[in-house]
Amino acid sequence: MKGTDHFKNIIEAYLDKRAHEDELFRAKYETTTRTIDDVVTYILNQVKASGCCGFADDEIYSMAVHVIDEPSIEIGKPTNCNVVVNHHVELTEEEKAEQKALALKRLQEEELRKLQTRNSKPKVVRPQKTKQPELSLFDF
């Protein structure tokens, strides 16, 4: 799952939880015409306009609630970016097994490559010395 998709899921889960706990918010949340993509677009545009690189969770959640509460707020244009989320991602057992298999395959390929490069090193061929006749003192 991409970071941006994970971010959308976190925001949506927060808004759902907030709607479950707060009846006044629930009324606006259930009748809003805004989609989760609209909410995320608004948040990303606000983050971009601020010039900051990191935000507390509560700041981001308050932006999400604010855009739902105020239907007249301008959302802005969609931004093409990636979002890094600092929340722990729970993998399913199937995803864990898949990642483990991928890691094992990469390890095997790396070890095989090491063996092949070690065995394929060219042998150094030393040039043969040409025999020159030895000079003797009597030859002078």
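Biologist: How many helical turns, roughly, separate Phe 25 and Tyr 29?
Modeller: First, this is a predicted model: local features need pLDDT of at least 70, side-chain atom pairs count only at pLDDT 80 or more, and totals for chains, interfaces and linings use all residues. Residues are numbered from 1 along each chain as its sequence is written, and side-chain values use heavy atoms, with hydrogens and water left out. Helices (H or I, at least four residues) and strands (E, at least two) are DSSP runs numbered from the N terminus. Phe 25 and Tyr 29 sit four residues apart in helix H2, so the separation is about one helical turn.

Biologist: Which residue lies over the face of Phe 25?
Modeller: A charge counts as over a ring if NZ of Lys or CZ of Arg is within 6 Å of the ring centre and within 35 degrees of the ring normal. At 5.5 Å from the ring centre of Phe 25, the residue is Arg 18.

Biologist: How are the rings of Tyr 14 and Tyr 61 arranged?
Modeller: Searching the whole structure turns up two aromatic pairs. Rings of Phe, Tyr and Trp (its six-membered ring) pair if their centres lie within 6.5 Å; planes under 30 degrees apart are stacked, over 60 edge-to-face and the rest tilted. The centres of Tyr 14 and Tyr 61 are 4.0 Å apart and their planes meet at 10°, so this pair is stacked.

Biologist: How far apart in sequence are the parts that Tyr 14 and Tyr 61 tie together?
Modeller: Tyr 14, at 23% relative accessibility, is partly exposed, while Tyr 61 is buried at 15%. Tyr 14 belongs to helix H1 and Tyr 61 to helix H4, so the parts they tie together are separated by 47 residues.

Biologist: And what angle do the ring planes of Phe 25 and Tyr 29 make?
Modeller: The ring centres of Phe 25 and Tyr 29 are 5.6 Å apart. This pair counts as stacked because its planes lie at 15°.

Biologist: Which residues does Val 39 contact, leaving aside neighbours within four places in sequence?
Modeller: Contact means heavy atoms within 4.5 Å. With those neighbours set aside, Val 39 meets Ile 11, Leu 15, Ala 64, Val 67 and Ile 68.

Biologist: Is Thr 41 buried or exposed?
Modeller: Thr 41 is part of helix H3. Beyond four places in sequence, Thr 41 touches Ile 75, Gly 76, Lys 77 and Pro 78. Its relative accessibility is 13%, so Thr 41 counts as buried.

Biologist: What is the relative accessible area of Asn 45?
Modeller: Asn 45 also lies in helix H3, residues 36–50. Asn 45 is buried because its relative accessible area is 18%.

Note on methods. Buried < 20%, exposed > 50% of the residue type's maximum accessible area, 1.4 Å probe, protein only.
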